Amino acid sequence: MISFQNDWDTLLAEEFQKEYYLRLRQILKNEYAHYRVFPDMYDIFNAFRLTPYHKTRVVIIGQDPYHEVGQAHGLAFSVQRGIPLPPSLQNIYKELESDLGIPRAQSGDLSAWAKQGVLLLNATLTVREGNANSHQGIGWQIFTDAVISLLDKAPQPIVFLLWGNFAKQKAASLRNPRHLILTSAHPSPLSASRGFFGSRPFSRINRFLEENGEAPIDWRIE
């Protein structure tokens, strides 16, 4: 039984009973039994546990978890403490420093953002070791599309941060004029210089939140 200990429990209860999710659950049981899969099965839904629905103010959409040992822990773009920073996260920190003057953190654990209402949501929530996108077609995207539709209906203003073409596809599900959609190139080394650097997402998010009577995000990572 999945439990988030917050309002996602009620909001997603019906989703967990749908036929596609029951199939997905059986696939995952087999995958975890026969392969090394990330994140740990108890960390899959950490983004939802740390960021309740009613407190979500920013949504950052990733593609799938990091696929090397010790990295993924259920938050998009985040790695566990003590793990070297992946290139995309290094570039996120570089843009954060350029945008807001915040020095680049040594830790890649973004839990502090999540606890302030930044939902760090991968479109696919699991992956086999060393095999990027290996779980892309097993049903996770149906689940996360449902999550995004729920967030689109949220009464509070939310900023959706869509980095790269994959994340931009999610904009089709966003119709609520209350929210703000920010898009740019992905922060990976292959594309960061083609529109991610200089996009200033962090200051734009905080400006929007303050204009709507919300407290800004403290983007510092200790």
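A: Let's start with the contacts: among those in the protein with a separation of 6 or more, 67% join residues 24 or more positions apart, where contact means heavy atoms within 4.5 Å. Before going on, some ground rules: this is a predicted model, local features need pLDDT of at least 70, side-chain atom pairs count only at pLDDT 80 or more, and totals for chains, interfaces and linings use all residues. Residues are numbered from 1 along each chain as its sequence is written, and side-chain values use heavy atoms, with hydrogens and water left out.

The protein has 8 helices and 6 strands, taken as DSSP runs numbered from the N terminus (helices H or I, at least four residues; strands E, at least two). In sequence order the pattern reads α-α-β-α-β-α-α-β-β-α-β-α-β-α. The C-alpha atoms fill a box of roughly 45 × 40 × 30 Å along the principal axes. Of the 222 residues, 52% count as buried, meaning under 20% relative accessible area with a 1.4 Å probe and protein chains only.

On to the cavity itself. The structure holds 1 cavity of 30 Å³ or more. For the term: on a 1 Å grid over the protein atoms alone, a cavity is a set of points where a 1.4 Å probe fits but cannot get out, and lining residues have an atom within 4 Å of a point. The largest cavity has about 50 Å³ of space, the volume being what is filled by probe spheres set on the points, with grid points joined across faces, edges and corners.

Who lines it? Ile-44, Ala-47, Pro-65, Gly-74, Leu-120, Leu-121, Asn-122 and Leu-125 do. Strand E3 (residues 118–122) gives the most to that lining, with 3 residues. By type, the lining has 6 nonpolar residues, 2 polar and no charged; here Ala, Val, Leu, Ile, Met, Phe, Trp, Tyr, Cys and Pro count as nonpolar, Asp, Glu, Lys and Arg as charged, and the others, Gly among them, as polar.

One more residue ties in with this region. Ile-60 sits in strand E2 (residues 58–62), and Ile-60 counts as buried because its relative accessibility is 1%. Beyond its neighbours within four places in sequence, Ile-60 is in contact with several residues, including Leu-120 and Leu-121, both of which also line the largest cavity.

Technical notes
On a 1 Å grid over the protein atoms alone, a cavity is a set of points where a 1.4 Å probe fits but cannot get out, and a pocket is an open set with protein on both sides within 12 Å along at least five of seven lines; lining residues have an atom within 4 Å of a point. Buried means under 20% relative accessible area, exposed over 50%, partly exposed in between (1.4 Å probe, protein chains only).
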